[in-house]
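Welcome! Take a moment to look over the sequence and the model, and then let us walk through a few places in it together.

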Amino acid sequence: MPSDLSLEPTPAERRRLKVRGAIIDAAERVFASEGETGLSIRRLAEEIDYSPSAIYKYFGSKEELIDELKEAFFERLLARVDRISCTDAPFSQRGRACVSTYIETALERPHHYAAAFSGPLAADPDTQTPPRKWEEFEKTYKGRAFNILVDMVREGQSLNVFDPGLDPFLSAKSVWASSHGLAQLITHMPNISPLLASNTPVSASSFIAFHADLVFRGLQTPALARQTDLTLED
């Protein structure tokens, strides 16, 4: 019987992925220093000493490149939270780690994180891009990362850890929104963590852990949350 074909990429595919990665890395650097308005195919060609035509072989337009830049961030995030969700660690540990990982991934490469959420803000709702259909969103790395949060809420409810009355999708959106807000605060105000403590300075990592714990406890069943409070008071 013939052996299974190797799934390893061919040399040509490895070269393609390497060049594509170099272009995305360069786009992140340009975005960091010049913003979205400074990002163009010609500017990238200057940054990595490629011809514009060479870059167009990988990205047909600036808009396509920006979309790929956004997806690359969520691909990295998805890989991390997926590894956490698949471990045999206790649910409470996995749940808190998923929240912390989102923020930590954003802080590691803040400019890429900013690029992932970049986009024009139109004053006229009629000029805004129509919302993507849910089926299309679920196929993106961003959508898949979001669904891991939804699954986390559902798992917590099945284990009687999270309040069964909570809507899993709304809960996941709330978790994402609060984590996004903290990531934005720390990236835009690096000294925010010490300012949050009344007397003793708090490191960013400690405050992220505190935030993750608070988010997790907020989803718990009322009785379990009360039990946690009593334990902390003892």
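## A buried arginine

Let us begin with arginine 94, which counts as buried because its relative accessible area is 12%, under the 20% cut-off. Keep in mind as you look that this is a predicted model.

Arginine 94 sits in helix H5. Which residues does arginine 94 contact, leaving aside its neighbours within four places in sequence? They are Ile84, Ser85, Thr87, Ala89 and Glu155.

## The chain as a whole

The chain has 234 residues, and 35% of them count as buried. If you take the contacts between residues at least 6 apart in sequence, 64% of these join residues at least 24 apart.

In soluble globular proteins, nonpolar side chains tend to be buried together. Here the largest nonpolar core holds 36 residues, and the members that touch the most others are Phe73, Leu77 and Phe162. Two or more residues of this core come from each of H4, H5, helix H6 (110-116), H8, H9 and helix H11 (204-219). The top contributor is H8, with 7 residues.

Look at leucine 77 in particular: not counting residues up to four places away in sequence, it touches Thr101, Tyr102, Thr105 and Ala145. There is also a second, separate core of 19 residues, with Ile24, Phe31, Leu44 and Phe59 among them.

## A cavity inside

How many cavities of 30 Å³ or more are there? The count comes to 1, and the volume of the largest cavity is about 120 Å³. Its lining is made up of Leu77, Val81, Cys98, Val99, Tyr102, Ala145, Phe146, Ile148, Leu149, Val175, Trp176 and Ser179.

Helix H4 (62-85), helix H5 (91-108), helix H8 (141-158) and helix H9 (168-188) each give two or more residues to the lining of the largest cavity. The largest share, 4 residues, comes from H8. Sorted by class, the lining has 11 nonpolar residues, 1 polar residue and no charged ones.

Is histidine 112 buried or exposed? Histidine 112 counts as buried because its relative accessibility is 1%, and the cut-off for buried is under 20%. This residue is found in helix H6.

Two polar partners stand out for a visit. The side chains of histidine 112 and arginine 76 are joined by a polar contact of 3.4 Å. A polar atom of the histidine 112 side chain also lies 3.4 Å from the backbone nitrogen of phenylalanine 73. Not counting residues up to four places away in sequence, histidine 112 touches Glu28, Leu69, Ala72, Phe73 and Arg76.

## Glutamate 71, a last stop

Glutamate 71 is in helix H4. At 21% relative accessibility, glutamate 71 counts as partly exposed, since buried would mean under 20%.

Not counting residues up to four places away in sequence, glutamate 71 touches Thr140, Tyr141 and Lys142.

How values were computed. Residues are numbered from 1 along each chain as its sequence is written. This is a predicted model: local features need pLDDT of at least 70, side-chain atom pairs count only at pLDDT 80 or more; totals for chains, interfaces and linings use all residues. Side-chain values use heavy atoms; hydrogens and water are left out. On a 1 Å grid over the protein atoms alone, a cavity is a set of points where a 1.4 Å probe fits but cannot get out, and a pocket is an open set with protein on both sides within 12 Å along at least five of seven lines; lining residues have an atom within 4 Å of a point. Grid points are joined across faces, edges and corners, and a volume is the space filled by probe spheres set on the points. Ala, Val, Leu, Ile, Met, Phe, Trp, Tyr, Cys and Pro count as nonpolar, Asp, Glu, Lys and Arg as charged, and the others, Gly among them, as polar. A nonpolar core is a set of buried Ala, Val, Leu, Ile, Met, Phe, Trp, Tyr and Cys residues joined through side-chain atoms within 4.5 Å. Buried means under 20% relative accessible area, exposed over 50%, partly exposed in between (1.4 Å probe, protein chains only). Contact means heavy atoms within 4.5 Å. A polar contact is a pair of N or O atoms within 3.5 Å; within protein, one must be able to donate a hydrogen and the other to accept it, and residues adjacent in sequence count only if both atoms are side-chain atoms.
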